[in-house]
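Open your viewer and get ready to click along with this tour. At each stop you will select a few residues and then read what is there.

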Amino acid sequence: MRFHKLLLIVILFLVSCSQKAPIYEYKDFIFGTIVDIKIYGETEEKSENISNLIFNDFKRLHNYLHPWEKSLISSMNNAIAAGSVFNVDDEEIIRIIQDNKNLASKSENYFNPAIGKLIALWGFHQELPNQMVPKAHQINELLANVTTMDDLKINQSTLSSANRNFQLDLGGYAKGYALDRAKKILANNGVANALVNIGGNIIAIGMHGDRSWIVGIQHPRKPSAIASIQLPPGWSIGTSGDYQRYFMDHDKRYSHLINPRTGFPADNSQSATIMIPPANNSGALSDAYSKPLFIAPEIEKLQLADKLGIDFFMVVLANGDILISSKMNESIQWLEQNNEKNITVH
Amino acid sequence: MKKILQYIKIIKLGDTFVIVTFMSLIFWSVSQSWNMPSGQYLKIENNQEDSKVFSLNQTVNKQVIGFLGSSEISIAEGKVRFVKSPCTKKYCIHHGWINKINQTIVCLPNQITISIVGDSESYDTVNY
């Protein structure tokens, strides 16, 4: 009898040891991609309510920032194309535009959200790309007077551009910005531990119990992760890759990541991944700053990373070689058992 | 030792048959399940209902209704792939088989996700 009691206590002890704080996960399709929210250590009811708050905010942003469907941004683009000024009575959009001006200028316009017209010419302003290489003269026409964020003039609440080719496309910014919004919503509602993933752009809030959140980094050419890395509290991670939105023509891959200097999709990288430490705009930075590292020529990538203060980056080059920063190399866990990888540590 | 020999002596032909049959049955079932993934499941998510989880230890095709129409997913002894999809580019089908925890195939046009889930997750989410 005594033995049975002891056994019961031992079993109860073991059961209580194995019990973890719950994680609730919610998914939705927004921004043309999957949004995945994991909330750790809260009740199911609260997790669901907060996730819905975030999803609703993302839907608002989608309808507000969408580059080609009906949105505030496409109305502005139409006004500029017609040569007229656009009135916005909206502080948030002015702040977003200022932020984009700032990021574009720092990145020497390798992050250039002003080339919507060029992106549309390549057929990436529709759910399914055209799969056609544009005519050289069409590209050259836009390249001759390439639009930048400097073309957009802000005069209090009116926006205008002397270059009527200016078309704002926040496709490389909106998801990152949304991560920063999610961070605020979670903080305002007292959620301390969560992981938000918008089509591969991720922000870590707090931790997963007593360990950091762990993120797998997609292999650009295989259906599996190439590596995994801990994403400490408040950090964001973003990747630009040529394997999600692209088309093939005569065995050549054309991705949606257009080099504003050549007018062609950048073809020197397969993917560029960066990690950004906690900041108010950490999500936006992780989205926007992965573009310069993907697009710029190989030698300039390292200079740009230094200039932009990106300490954690990894670029898979077109030939599969890997360029990685020393800090990223220290924290990354390679999952591929592939010794052919040629890794250069910067 | 002597006792064992005594027992062996009393084994009849019928007993041998039963023993051999059961031994081979055990051998066969162990060899079948030896390479089976344990603690791994297929999770299918679409835009309409809650996600569904299936065993990977079967060979079966599943129809899933998505945003555009019906997609067909094939489970074949531990691995999974899309075999039919109403989407235009068929990236999901070209992706091929997945068989490891956390591998995921997303068909964005049809809004269907298939992923392998399990107890020993090596990471929480994927950056792509």
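Strands here are DSSP runs of E with at least two residues, helices are runs of H or I with at least four residues, and both are numbered from the N terminus.

Before moving on, note that this is a predicted model, in which local features need pLDDT of at least 70, side-chain atom pairs count only at pLDDT 80 or more, and totals for chains, interfaces and linings use all residues. Residues are numbered from 1 along each chain as its sequence is written, chains are lettered from A and ligands numbered from 1 in the order in which they are written, and side-chain values use heavy atoms, with hydrogens and water left out.

**Stop 1**

Now show β4(A) together with strand β5 (residues 158-161) of chain A; they pair in the antiparallel sense over 4 bridges. Two strands count as paired if DSSP finds at least two bridges between them.

**Stop 1: a covered strand**

Next, select β13(A), where 8 of its 8 residues are buried. Buried means under 20% relative accessible area, exposed means over 50%, and partly exposed is in between (1.4 Å probe, protein chains only). Strand β10 (residues 236-241) of chain A pairs with β13(A) in the antiparallel sense over 6 bridges. To see one position of that pairing, pick A:G241, whose bridge partner in β13(A) is A:S271. Strand β14 (residues 312-317) of chain A is also antiparallel to β13(A), and 6 bridges join them. Here, look for A:M275, which stands opposite A:F312 in β14(A). As you turn the view, keep in mind that in a regular strand the side chains alternate between the two faces of the sheet.

**Stop 2: the nonpolar cores**

A nonpolar core is a set of buried Ala, Val, Leu, Ile, Met, Phe, Trp, Tyr and Cys residues joined through side-chain atoms within 4.5 Å. How many residues does the largest one have? It has 69, and those with the most contacts inside it are A:F58, A:L65, A:L186, A:V196 and A:L293. Zoom in on A:L293: leaving aside residues up to four places away in sequence, its neighbours in contact (heavy atoms within 4.5 Å) include A:S269, A:I274, A:L304 and A:F313. Apart from this core lies another, of 21 residues, among them A:L195, A:V215, A:A227 and A:W235.

**Stop 3: salt bridges**

A salt bridge is a side-chain nitrogen of Lys or Arg within 4 Å of a carboxyl oxygen of Asp or Glu. The whole structure has 18 of them over all chains. Select A:R60 and A:D57, which meet in a salt bridge at 3.0 Å, N to O. Both lie in helix α2 (residues 44-65) of chain A, 3 residues apart, about one turn of the helix. Is A:D57 buried or exposed? At 8% relative accessibility, A:D57 is buried, while A:R60 is partly exposed at 31%.

Move to A:D267 and A:K252, another salt bridge, with the closest N and O atoms 3.0 Å apart. A:D267 lies in the loop between β12 (252-255) and β13 (269-276) of chain A and A:K252 in strand β12 of chain A, so the pair ties together parts that are 15 residues apart in sequence.

Finally, select A:E25, A:K27, A:D36, A:K38, B:K43 and B:E45 to see a network of linked salt bridges.

**Stop 4: two positive phi angles**

Most residues other than glycine have a negative phi. Go to A:E108, which is not a glycine but has a positive phi of about 55 degrees. Its place is in the loop between α4 (91-106) and α5 (116-121) of chain A. Then find B:E77, whose phi is also positive, near 50 degrees. B:E77 lies in the loop between β4 (70-76) and β5 (79-84) of chain B, and is partly exposed, at 44% relative accessible area.
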